[in-house]
Structures are given as structure tokens and as C-alpha cells.
Amino acid sequence: MFAAESHTGRHHIAIAAMACLCVLLGGPSCAAGAESLFIAGATYCEPGVSGPGWAWTDAGHLELDGYAGDATAADGDLVVTLAGQNSVTESNAPDADITLCGMEVWGNLTLRGTGTLTATGSQCGIHVSRTLVVDGCAVDARADGADVTDEAVAGVIAGDMAVCGRGRVVATGAGSGAGVRAYGVYLQDLGLGNGAASCRLSVDASWLDAAGTDGGVACLGGSLVSVRFVTPAGGTFGASDVVDASGAVAPHVVVEPDVATPPAGETDRRDVSGDSADKSPAHVNPAAEEPTTGPTANPALKPAAATTKTTTTATKTTVAKVPKPKAATATTATLPKTGDSHWIAVSTLLFVLGTMLLVAAYRC
């Protein structure tokens, strides 16, 4: 009887161990990403939904393929994969959880893929509370400053910004309202970033065209890899803006790959705006063969217009974004992730340990 009771006890221990193992394996059931998504005039709290031109496949991933509609917003980190031509326009819906922007993300945002995105709004085309990464796709972000006063207006407003993978960004800001400051790219710490390490621009073997009457690019610093300032001539990162050789703020900033040191496999790429004189695969924009129906239908093909203002006193401006603040998310300067890879290794180890425990229990 003792042997039977001992065997039963060991059996119960093994079952309990496997139950604990199952609980542990089920721990990371919720992938990191956006907690909610506003798109096409509706708010969704769970992924697995879709509509014309869009699909929210999981918490951290949104696919746009030919989407053209109202503004898009996400509460949390998001990766957006672009295919074809897409556009988002400031929403006028009274119950929309987004205002004055074409795309708004309270977290990190990565735009990637072979497609294009045109984002337009009154205060900003794209607003990101943390880091915006444009990886390989073409983005046109524009703000017209309509009905905006005493605020910064910019094509892109973010904490940090990185353009890589031969990505192309056109960003413009304009406005005539009282107290409006217009920028192409405006990087600011909204209290959710990395403090002094925030407000930085990075361009790696890619293109950027930014224009605004008060500054093409406003930031605390940046880095250029295999690229150079084309406009302004002799441009550098100043204390709070990109400045020209004299130290004056540049209202128009153009960055393109450095033809002297092109990326591997690349040749002369002076033709930033996709002139038909160069049709090699490395130069052709993914959407270059698609028909253009308007001035911003193909963002990679139309650089921002240069402004007439040439000098402005360099000052650092701090502004508050009109949309309501969201809860701070975990600080990160890396690309947003759609899953936690550490749990895979931990889960595998726990499964092996549980199996060994079962075998040992039954052998005894």
C-alpha cells in the first residue's frame, strides 16, 4: 500500500509540475503592441480586424495596402507595413480619438514596406510620441496650419526620427495663424522620451526633404551615415536646428546619399526625386510606375518646395501637442517589436525541465 500511495503522490507531483509549466508557458500570451487602434472612423480594442485597404493582424502590426481614408491612431507601439499607395487625412469625426493629424501613435512607430504613405493634417501629418522609423518606404507628411494658433506646425512631430533602408521622406509645415511656428520635421521630448538623449535625427543611406518657414529640421542633434546635406550648403546640426554655414537656421533641408561613399552595390544617386534619366533598380521608387493623380499622390517624386526665408535666429522651442496625452509606455530607442523573443527560449527550457521531471517521477 505504501508503494501505491508513494506512486500516487509522485503522480500528483508530476501533474502539479506540468500544470505550473503550462501556466508559465502561457505567461506572455499578450504580445507587445498597440492597446487600441483608430482607423476608418472606428476604434478597435482587439487585433484580427480588417477593412478596405487595411488589416490589423496583431497588436503590434498594421498592414496598409491601397488604404485611403480618415486619420489613423494607435495607443502603443506599432509597425505599419505599406504596399501600394496609401493616404491618411485628418479626421473630422466628433468622437474620434485623434485631432489635427493624419497619423498619430502614442509609442514607437515604424513605417516599412514597398509602398507609399501620404499623411496630411492641420497641425502635423504624422505625430509620434517616441521614435519614428521610416525603413525603405516613401512617406509624404504635410501640415497646412489651418485653424491652428500658438502651436508648432510640422509635417512630422516626434521624439526621435530615423530614416534608413533607402527610405524617402518629404515633410512640410506651413501656417499663418497667430503664434504658429512652422517646421518640416519637429523633434521634441513630450515628457515620454529619453530626455537629453531624445530629439535626434538619424539618416542612413536614405533621403530627407524637409521645409518650414521657421526651420526645415528642428532637433537637438543627429547623425548622417553615407549621406550628406545638399541643402543648405555646408549644413550642420546646431544647438536646436539644422543650420547653414553661417550658423543661421535653414528653412529648407535636403539630405541625400553621399555619392562619394555610396552603400554597397549603389552608384551615383544625385537624382533624389526620381528623374527619368536614371532607372536602375536602386533608384526607382517602389511606386514610381504607378499613375500620379495629384501633387502628393507619389511622395517620393515631389520634393518639398523651398521657402524664401533664408535666416532665422536659432532658438529652441517647446510646444504641447494638441491631442490628449496618453499613459507613458516603456522607453526604447529601438524598432518596435511585435513579440517577446525571450519568452521563446524560456518556454523551451521550462518544457524540457518539465519533461525530465515527469520521466524521473515515473522511473521512481
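Rings of Phe, Tyr and Trp, the last through its six-membered ring, are taken to form an aromatic pair when their centres lie within 6.5 Å. By this criterion the structure, which is a predicted model, holds three aromatic pairs. One of them joins Tyr-44 and Trp-54, whose ring centres are 5.4 Å apart and whose planes stand at 50° to each other, an arrangement classed as tilted. This pair links distant parts of the chain, since Tyr-44 belongs to strand E2 (residues 42-44) and Trp-54, ten residues apart from it, belongs to strand E4 (residues 54-58). The two partners can also be described by their accessibility: Tyr-44 has a relative accessibility of 24% and therefore counts as partly exposed, whereas Trp-54, at 5%, counts as buried. The rings of Tyr-183 and Tyr-186 have their centres 4.8 Å apart and their planes at 50°, so this pair is likewise described as tilted. Both Tyr-183 and Tyr-186 are buried. An aromatic ring also takes part in an arrangement with a charged residue, in that Arg-168 lies over the face of Trp-207, at 4.0 Å from the ring centre.

The nonpolar interior was examined next. In soluble globular proteins, nonpolar side chains tend to be buried together. In this model the largest nonpolar core has 47 residues, and those with the most contacts inside it are Leu-109, Leu-111, Ile-126, Leu-132, Met-161 and Leu-208. Strand E8 (residues 78-83) supplies the largest share of this core, namely three residues. When residues up to four places away in sequence are not counted, Leu-208 touches a set of residues that includes Met-161, Val-169, Val-185, Leu-201 and Val-203, together with Val-217, Val-253, Val-254 and Val-255. Apart from this core lies another, of eight residues, among them Ala-152, Ile-157, Tyr-186 and Ala-218.

Several individual positions were then considered. Gly-165 is placed in the loop between strand E17 (160-164) and strand E18 (168-173), and with a relative accessible area of 44% Gly-165 is partly exposed. Although Gly-165 and Ser-206 are 41 residues apart in sequence, their C-alpha atoms are 6.5 Å apart in space. Ser-206 is also in contact with Gly-165, as are Asp-135, Gly-136 and Asp-204, when neighbours within four places in sequence are left aside.

Thr-120 lies in strand E12 (residues 116-121) and, at 24% relative accessibility, counts as partly exposed. The C-alpha atoms of Thr-120 and Cys-101 are 6.6 Å apart, while the two residues are 19 residues apart in sequence. Beyond residues up to four places away in sequence, Thr-120 touches Val-88, Thr-89, Glu-90, Cys-101, Gly-102, Gly-125 and Arg-142. The side chain of Arg-142 is in turn joined to that of Asp-140 by a polar contact of 2.6 Å. Asp-140 is located in strand E15 (residues 138-143) and is buried, with a relative accessible area of 0%.

The protein chain averages a pLDDT of 74, and 59% of the residues score at least 70. Over residues 1-31 the pLDDT is below 50, and this stretch has 18 contacts in the model beyond near neighbours in sequence. The pLDDT also stays under 50 over residues 262-342, for which the model has 162 contacts beyond four places in sequence.

How values were computed:
Residues numbered from 1 in each chain as written. Predicted model: local features only at pLDDT ≥ 70, side-chain atom pairs only at ≥ 80, totals over all residues. Heavy atoms only, no water. Phe/Tyr/Trp six-rings, centres within 6.5 Å; stacked < 30°, edge-to-face > 60°. Helix = DSSP H or I, 4+ residues; strand = E, 2+ residues; numbered from the N terminus. Buried < 20%, exposed > 50% of the residue type's maximum accessible area, 1.4 Å probe, protein only. Lys NZ or Arg CZ within 6 Å of the ring centre and 35° of its normal. Contact = heavy atoms within 4.5 Å. pLDDT = per-residue confidence, 0-100. Polar contact = N/O pair within 3.5 Å; in protein donor to acceptor, adjacent residues only side chain to side chain. Core = buried A, V, L, I, M, F, W, Y, C linked by side-chain atoms within 4.5 Å.
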